[in-house]
Amino acid sequence: MTAFAASDTLPLLAVLVPLLGALLIPLFHRAPNLREAVTLLTAAILLVIVVQLLPPVMDGARPGAMLIEAAPGLSIALRVEPLGMLFALVASVLWIVNSIYSIGYMRAHDEPRQTSFYVCFAIALGSTMGIAFADNLFTLFLFYEALTLCTFPLVTHKQSPEAMRAGRLYLLLLLGTSMLLLLPAIIGTWVLAGTTTFTPGGILAGKASPLAIGFLLALYAFGIGKAALMPVHFWLPAAMVAPTPVSALLHAVAVVKAGVFSVVKVIVYVFGLETLTLSGGNEWLIYVGCASLLLASLIALTRDNLKARLAFSTVSQLAYVVVGAALAGPAGVIGSGLQIATHAAGKITLFFCAGAIYVASHKTEVSEMAGLGRKMPITMIAFLIGSLSIIGLPPFGGMWSKWALAMGALDAGYATVVAVLMISSLLSVAYLLPVVARAFFLPPPAEPEAHGELGEHGMHQGAHSGEHSGEHSGEHAAAAAKSGLQEAPVACLIALCATALLCLVLFFQADRIEALLQGIFIAP
Amino acid sequence: MQAFLAFADHYSYVITILLMVGGLYIVVSRSNMVKKLVGLSIFQTSVYLLYLEPAKIVGGTAPILAPDFTVYSNPLPHVLILTAIVVGVGTLALGLALVVRIHEAYGTIDDDEIKPQDGG
Amino acid sequence: MEALWSHLPALQIVIPLLGGVLVALVRRGSLAFALTLVVSWVLPVVSGLLLYQVLSTGPISYALGGWPPPWGIEYRVDVLNAFVLMLVSAIGAIIMPFARRSVALEVGERRSAWFYCMYLMCLAGLLGVAITGDAFNAFVFLEISSLSTYVLIALGRDRRALVAAFRYLIMGTIGATFYVIGVGLLYVLTGSLNMVDIAQRLAVAPPEQARAMVAALAFLTVGISLKLALFPLHSWLPGAYAYAPSWATVFLSATATKVAIYLLVRFLFSIFGGALDLRSLPVAEILIALSVAAMFIASFIAVYQSNLKRMLAYSSLAQIGYMMLGIGIANQAALTGGLVHLVNHAIMKAALFMAMGSLFYRVGTVRLTEIAGIGRKMPLTMGAFVVAGLGIIGTPGTAGFISKWYLAVGALDRGWWVLVFLLVASSLISVLYIGRVIEMAWFRPAADGLAEAKDPPLSMLLPLLLLAAATIYFGIDTRLTAGIAGEAAQFLLGGLR
């Protein structure tokens, strides 16, 4: 044990601060402004803490501490390593942005139970930090389950029968896979290796047969249901009944990224890249990942509902991360890390836009969005930026992750994977850009009168899906329609512009992230 | 002849088993609650016999040291069974009390007639 | 003081026994409760001292009435039963404050003195089974606890409680009689009733006695299995738990079956373990098969119950399956898991049944369909339900996870992957039945009849919250639970042939 540095308590603080925030938020139940201020303050403090961790981690330190040992193999310990650092950074930055967006969205909608919404959100962030900084499999599992449980009320926020059905599917699939597959995998690892601590180079080297490694990898890959690897992806489209800020942060950032992050972490620190390559147990995962990647893109093409389309796009993009890790080479892992960051920024932008469109015009279907670009130019431009980043075009962050992944595939000698990545990028062009094109280049469907009808149609749909769309927001929309511009509330706009900007920033900052991730392969 | 001797040697065990099985059968097969309790008592009686039989030594006497006797029976099983009988009587009494209460509540002591009254 | 110290084992039994008599003489509800409370709070002190003594100086042997063993009755306290004594008396002490209002409402002020009398008798019986080192004495205590349990159940308000008590009486008596038959066979074989003595004599018994030994083992196993409601000998339990007064259910679910499991463990490991090669007999296979059946079938039945107490009763059956699974696998990790689940399940299930008791106290119903939206009316009660429910599911960070972890590690140590999957799959079913309640309570608008509902008074709330907190605490700090259970497991396995 080296000298106990002050930074060793920071990971624990990062977990505790959001939880503390969750305790404080209900106290301001009757004062929404104060309540939201607490959320924002908590998010800001969290970001400060996480940023403080960055320099030491860049310098090769691994701050952290063992907290409690419940039983042999069951200890709660936190430690910051580059991957977790990156994930925590992404999540904490986007939490602030998302909180701003939530305030705009939830108020514009007059959503009920906003206090419990913010409480659950804060708990979810605390769990995400726990996942990011977990030092062993048990800690990871603990926070992984906590994340599932505390996002259940968010997914079912509307409490309509439809939302409850989706919520049940969400819970059963995520809890089911984690309990049925992930837990046995952890126990198996413990029995085989005698430890569950994440160690550079892996802990299974020489302790498990190639067959056992392949089997364990399968348990992990499908057991971590949040990674939404086909065929355990069903929960993700279902969970889209949640309010948009939830979809945005949880299903573009925290939950799904927690999944793929766990997969990457397990591959790097439990199996060890070398062990995995030698055993050959990773090969099938590459192909399964590729299949998931392509199939999800194809399904996305067929979806008219914008959020559903984005959901399948997420499934596809997550498979990139899994494939990158499954290649079991440094370049692939770095590509995965980059993809976690850039996809988060891109996809959250897209979700914000989808939510903004819904708030402003109550449109949910892509086919209804013709001519929307003139009413909501800012939103649609942000959507374009997000799309381009997801597709992987310069000058946006997404390009670097695609690039690094392709390099990783070539390094590992999988030319087919490169081809698959190309095809998938093309497919993403085909399912994302039409949305923008339709909005800017097609004329609005009809005259103001007809528009009113459409607006009502949209509202009707909202009511149908159990959305408590406030009367006045409808009126507001109708009034704004006359003036030509019809953007979402300012808070929403600020948020989506910020994340669009982030996509751009990531393009120029990718080398820093890469430098951070290189730290994984430098022995401390 | 051999078989008969073997039987005669163990005949108390045979009776024990008959009581045991017979009692158990009555408990299971009767739906009348009082009859169930009767079966239960018979079943318990078999145990008394099981304990007492090996404790009896022919010609043995109570373990009071006296110059005239050399063969003694073990008194412990008798004491044990005395306890067991007390427990058995207690159980029977409680069971019968319950039957009375059930009769007050349902108007019958037949298990098959009680079930439909509570909706299955 | 010194004199009292050496008589601790006797005090453990004498205090509740005399307390019960006193309570019956007092007859006045509130005074009876006060007496019972004092007794219940003194007992964990006694068992705590015993546990401390055992952990520091090894097993205690106490010759009752001064008759030395094996002739007299010996009270013998080792790690295993000190652990069980502590469990039973601590649970009794914690849940006691809950009884006052709940019993007054459900049993009636007039009859509550009798109720407390029966409770103390039952407690004395359970502690007696745990502490005694004499096989026949264990039978007597078993019947003391059972007879008083029948009465406790019959005191329920619903007339179905009478029928449930009667059925339990029949099944329980058959079980007890099987047990006496088994003890009788052992007595014929060895001429002794002292457990340690029996074990020593059996270990050197000539091989032709093996058949009689197996017969004794079979009778004892079946008899005790009836008492602990091992599937498929469980038919008495759901009705008994569903219709007994709420507080009686809390107490029974947390302690009665646990003591029976202790007794089985004692016989299997301490007595037969040294004499028979248990691994060559199909004991383990049978126990494991029945446990797995219990885990699945009982959980499935639980999913379809609309009476929540009944649902939790079926859940108990499934959880008993977990404990028996640990006994069946019988290696260090699994046995630790099985034993630690005695405690963990007692804590969690007591909390769940107390939440039901609070519901009944405030709303007068425990039917699933009638408690929609109750979560927002009784947030602390249902919050505790959620926490304890998560424990039953086995979420990491709760006590339930610790048990499952040890069980699964034990199964894997034997290389039984399938068993690990069965274990986790069955806990997934518990997500269904616990989840139904949580969804109904928290994610539905409040039902009309519940406008007045609120959390119960502090005396009921505190024990509930304490146990809910314990569910979390023992999921993180397991020195008191898994630590001692591990030592007990080591002690038991050390005696195996």
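**Figure 1. Contact between chain A and chain C in the predicted model.** In this predicted model, 23 residues from chain A and 24 residues from chain C make up the contact. On the side of chain A that touches chain C, two or more residues are given by each of E1, helix H5 (137–155) and helix H6 (161–193) of chain A. H6(A) provides the largest share of that side, 13 residues. Divided by class, the residues of the side of chain A that touches chain C are 18 nonpolar, 4 polar and 1 charged.

**Figure 2. Contact between chain B and chain C.** Here 25 residues of chain B are in contact with 21 residues of chain C. Helix H3 (33–55) and helix H4 (76–106) of chain B each contribute at least two residues to the side of chain B that touches chain C. The largest share of this side comes from H4(B), with 13 residues. The side of chain B that touches chain C comprises 17 nonpolar, 5 polar and 3 charged residues.

**Figure 3. Hairpin of strands E1 and E2 in chain A.** Strand E1 (residues 64–71) of chain A pairs with strand E2 (residues 74–79) of chain A in the antiparallel sense, over 6 bridges. A:Gly64 has A:Arg79 in E2(A) as its bridge partner. Between the strands of this hairpin there are 2 residues, and A:Gly73 takes a positive phi near 85 degrees. E1 of chain A is also among the elements that give two or more residues to the side of chain A that touches chain C.

**Figure 4. Helix H3 of chain C and the residue that follows.** Helix H3 of chain C covers residues 29–57, a run of 29 residues. Just after H3(C), C:Gly58 takes a positive phi of about 90 degrees.

Figure 5. A:Ile348 lies in helix H13 (residues 330–361) of chain A. This residue is buried because 30 other C-beta atoms lie within 10 Å, where the cut-off for a buried residue is 20 or more. Leaving aside neighbours within four places in sequence, A:Ile348 is in contact with A:Leu94, A:Ala248, A:Leu249, A:Ala252, A:Val253 and A:Thr499. A:Leu506 is 158 residues from A:Ile348 along the chain, and the C-alpha atoms of the two are separated by 14 Å.

How values were computed. Residues are numbered from 1 along each chain as its sequence is written. Chains are lettered from A and ligands numbered from 1 in the order in which they are written. This is a predicted model: local features need pLDDT of at least 70, side-chain atom pairs count only at pLDDT 80 or more; totals for chains, interfaces and linings use all residues. Two residues are in contact if their C-beta atoms, placed from the backbone, lie within 7 Å. Helices (H or I, at least four residues) and strands (E, at least two) are DSSP runs, numbered from the N terminus. Ala, Val, Leu, Ile, Met, Phe, Trp, Tyr, Cys and Pro count as nonpolar, Asp, Glu, Lys and Arg as charged, and the others, Gly among them, as polar. Two strands pair if DSSP finds at least two bridges between them. The expected span of a helix is 1.5 Å times one less than its number of residues. A residue is buried if 20 or more other C-beta atoms lie within 10 Å of its own, exposed if 12 or fewer, and partly exposed in between; C-beta atoms are placed from the backbone.
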